[in-house]
Amino acid sequence: MGNTKSSALSKELLEELKSNTKYSEPELCTWYQSFLKECPSGKISKQQFEGIYASFFPDADPTAYARHVFRSFDTNADGTLDFKEYIVALHLTSGGKTLQKLEWAFALYDVDGNGTISKNEIQEIVKSIFNMIPADDQKNLPDDENTPEKRAEKIWKFFGKKENDKISEGEFIQGVMDNKEILRLIQYDEPQKIKDKLKEKKQ
């Protein structure tokens, strides 16, 4: 196959990413070249990551959500994402396996990293998701989820929790797998879906 670009990416990392994500070798090599072009140091900072999200959502404010996503993928907590962390982030936010995706979603909502989710943490993430929904689209949301507080309350009720209870990772994953409605409430459509919707409107 001898793709010259792959020489820049270690064989071990290439194999690991191929087996753990949906991306092919040529795709990974292309991603790596563009990653190095943007980040010659081989690391991406929180500010750069927020900039990437801002380019996806020109009509909204994704800063808070991008910050939470960054935190959840900065697995070694060094304040940067390396290529591996970046690719895993791309993969999980756009089509990872359900269990992997839910483990990531739990990490996203577990803001303080203590292994459980509180109602306040749900509200914080839901609020950051709302910042990315254009005002016109927010008007079309159902009455019981048209504010961050209402949506957080709805999620909390689905889990059958009292005000000061906590949700463990096991409960979170099981709850979402048992109830597609929770999945819809906790996540945000990735940019590709938004672009597809825009295309449909134009036709």
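**Helix crossing, annotated spans and a salt bridge**

In this predicted model, the axes of helix α1 (residues 11-20) and helix α2 (residues 25-38) come within 10 Å and cross at roughly 120°. Angles of 65 to 115 degrees would count as roughly perpendicular and those over 145 as roughly antiparallel, so α1 is oblique to α2. The crossing in which α1 passes α2 is right-handed. On the α1 side, the contact is made by K11, L14, L17 and K18, while α2 contributes E25, L28 and C29.

Turning to the annotated regions, the UniProt record, an unreviewed entry, lists residues 61-96, 97-132 and 147-182 under "domain: EF-hand". For one of these spans, residues 147-182, the model places the end C-alpha atoms 16 Å apart.

Charged pairs complete the picture. Side chains of opposite charge can pair when their charged atoms come close. With a cut-off of 4 Å between a side-chain nitrogen of Lys or Arg and a carboxyl oxygen of Asp or Glu, the count comes to 16 salt bridges. One of them joins K43 to D78, with the closest N and O atoms 3.5 Å apart. K43 lies in strand β1 (residues 43-45), whereas D78 sits in the loop between α4 (63-73) and β2 (80-82), so this pair ties together parts that are 35 residues apart in sequence.

Key:
Residues are numbered from 1 along each chain as its sequence is written. This is a predicted model: local features need pLDDT of at least 70, side-chain atom pairs count only at pLDDT 80 or more; totals for chains, interfaces and linings use all residues. Side-chain values use heavy atoms; hydrogens and water are left out. Axes are lines fitted to C-alpha atoms, for helices over the stretch in contact, and angles run from 0 to 180 degrees between N-to-C directions. Helices (H or I, at least four residues) and strands (E, at least two) are DSSP runs, numbered from the N terminus. Angles under 35 degrees count as roughly parallel, over 145 as roughly antiparallel, 65 to 115 as roughly perpendicular and the rest as oblique. A crossing is left-handed if the near helix is turned anticlockwise from the far one by less than a right angle, and right-handed if clockwise. Contact means heavy atoms within 4.5 Å. UniProt positions are given in the numbering used here, feature names are shortened, and annotations may be inferred rather than shown by experiment.
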